[in-house]
Amino acid sequence: MPRLPQVRTIVSQMAPYVPGEQPAPGERVIKLNTNENPFPPSPRVLEAIHSVDGEHLRRYPSPQADAFRATAAAVHGVSADMILAGNGSDEILAIAVRTFLGPGDTLAYPDPTYSLYPVLAATCENRVVTVPWETGWELPVAALLATGARAIFFANPNAPTGTLVRPSRVRELALAFDGLLLVDEAYVDFADENCLALVHELPNVMICRTFSKGYSLAGLRFGYAIAAPALVAEMSKVKDSYNCDAIAILAAIAAIEDQAYARTTWRAVRAERSRLAGELGKRGWEVIPSQTNFVLATCPGGGAAALYRELKRQGILVRHFDKPGLADKLRITVGTAEQNDALLAALPG
Ligand SMILES: Cc1ncc(COP(=O)(O)O)c(C=O)c1O
C-alpha cells in the first residue's frame, strides 16, 4: 500500500488562513463577523443570473472576462487592458504574489492587516517582513522602504482597523519605491478617498478591488486589479485560463453598471456605521474611527474573548482576533439598523 504522499515542508509547517465562521444557509444568526454588505445585491444582478441559458454554460467563458473589463474600464476611466478580473480579490492577491515574488524575495506590509498575505507569501516561499503602523495608523513609509522588499502590500482602508491612509501619503511611498505597491482597496467603497488616480501616474501601483463588500456579492467570488497594462499582461500569464465563470462575469457587469444602487447601500452603511460607533462610545467602548463597513472597538473593562463567546451563544457572530494588540477588541461588521440594535441590546451594561 503506498504511503500518503509527502507535501512540501513549507505547506506542512504553514499556519492556514482562518476565515470567519460561515453558518449554514437558513441558520438564524445575526452575522456581523465577515464584513459582508448587509443589503442584498442590485436586482439587476439577479436578473442577469436568471438570463443565463444552457449556451452560456456549454461554452468556456471569455478567458479575460472581456465584457467585464470593458464595463469596469468605463466606470473607472481607465483602459480595458488595465483591468485583470479574478475569482475574488483573494485570487488577484495570489496571482500578484506568484507573478512578482519568487522564493526568498521579500514581501513587506504594515501589521496588523489582512491575515491572508503571509499565507500567500508562504506558498511562494517568500520572506515576509512586517512593520508596525505609525501612531494614528499612519503608513510607516520609511520603515517599509528600509525592508528592501520587492513588493509591498497594504489594505487601504485597512482590516481589521478600518483606518484609511491618505492617497498623498501612499503616493510618497510609491514614488520612493522600486517594487510593486499593491493597494488592497477591498473596503474603499465605504471610504472618503481612494488611490485610483495613482495608477495613471505611477507604473508600480496596483489597485485591488472586490465585489464582496461594496456590491453585496461575497458569495459570487469576483474581484479585479487595476494597473499598468504591462503588469496586467504579465499577471494574465500566471492566472488560470478561465478563472472567472460565465455566470459571475454577467453578474459582476450588472452590479458595476448599477452604480446608483450600490451607492445607496454605501450611504446606508456609512450612516449606520456612525450610529453604531456613537452607541458603542456611549457604552464605554473605544472605537477606532472607521472608513469601512466594520468597526474595531476595545471592550470596556476587558473580556473581549468572553464577550465574543457570549454573543455567539445569543446567535450574534462578531470577530475576535487572539493576537497581540487585538485581543482586547472585537471587530464588528456594520449590519442593518435592526441587526445593529440587536447587537447593542445584547451588550452588557
Ligand atoms: C483587506 C481584504 N482584502 C481582500 C479581501 C478578500 O476579498 P474577496 O472576497 O474579494 O476575496 C478581504 C476579505 O475580507 C479583505 O478583508
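## Two cis prolines in one loop

Proline 160 sits in the loop that connects strand S5 to helix H8 (helices are DSSP runs of H or I with at least four residues, strands are runs of E with at least two, and both are numbered from the N terminus). The peptide bond between alanine 159 and proline 160 is cis, with an omega of about 10°. The loop between S5 (151–155) and H8 (167–176) also holds proline 157. Here the cis bond runs from asparagine 156 to proline 157, and omega is near 0°.

Before you go further, please keep in mind that this is a predicted model, in which local features need pLDDT of at least 70 and side-chain atom pairs count only at pLDDT 80 or more, while totals for chains, interfaces and linings use all residues. Residue numbers start from 1 along each chain as its sequence is written.

Another backbone feature worth a look is asparagine 35, which has a positive phi of about 60° although it is not a glycine. You will find asparagine 35 in the loop between strand S1 (30–31) and helix H2. Most residues other than glycine have a negative phi, and most peptide bonds are trans.

## The seven-stranded sheet

S5 also belongs to an open sheet of 7 strands, whose order is S2-S8-S7-S6-S5-S3-S4 and whose pairing is mixed (two strands pair if DSSP finds at least two bridges between them). Its edges are strand S2 (83–86) and strand S4 (127–132), each of which pairs on one side only. Neighbouring strands are turned against each other by 20° on average, if direction is ignored (axes are lines fitted to C-alpha atoms, for helices over the stretch in contact, with angles from 0 to 180 degrees between N-to-C directions).

Leucine 182 has methionine 206 in S7 as its bridge partner. Helix H10 (residues 229–238) packs on the sheet, where it touches S2, S7 and S8, and its direction makes about 30° with that of S2 (contact means C-beta atoms, placed from the backbone, within 7 Å). Helix H4 (residues 66–76) lies across S2 and strand S8 (223–226) and runs at about 125° to S2.

## H11 and its two partners

H4 also packs against helix H11, at an angle of about 15° and with the axes 9 Å apart. That angle makes H4 and H11 roughly parallel (under 35 degrees is roughly parallel, over 145 roughly antiparallel, 65 to 115 roughly perpendicular, and the rest oblique). On the H4 side the contact is made by Ala67, Phe68, Thr71, Ala72 and Val75, and on the H11 side by Ile249, Ala252, Ile253, Ile256 and Glu257. These residues divide into 8 nonpolar, 1 polar and 1 charged (Ala, Val, Leu, Ile, Met, Phe, Trp, Tyr, Cys and Pro count as nonpolar, Asp, Glu, Lys and Arg as charged, and the others, Gly among them, as polar).

H11 (residues 246–257) packs with helix H2 (residues 43–50) as well, at about 150° and with the axes 8 Å apart. H2 and H11 are therefore roughly antiparallel to each other. From H2, the residues Arg44, Val45, Glu47, Ala48 and Ile49 meet Ile247, Leu250, Ala251, Ala254 and Ala255 of H11. By class, this contact of H2 with H11 has 8 nonpolar residues, no polar ones and 2 charged ones.

Strand S10 (residues 294–298) is joined to S12 by 5 bridges, and the two run antiparallel. One of the pairs links phenylalanine 294 with threonine 333 in S12.

In H12, Glu272, Arg275, Leu276 and Glu279 meet Ala337, Asn340 and Leu344 in H14. The contact of H12 with H14 consists of 3 nonpolar, 1 polar and 3 charged residues.

## Around the ligand

Which residues are the closest to the ligand? They are Gly88, Ser89, Asp90, Thr210 and Ser212, out of 13 residues that surround the ligand (a residue counts as near if its C-beta atom, placed from the backbone, lies within 6 Å). Sorted by class, the shell around the ligand has 5 nonpolar, 6 polar and 2 charged residues.

Conventions. Two residues are in contact if their C-beta atoms, placed from the backbone, lie within 7 Å.
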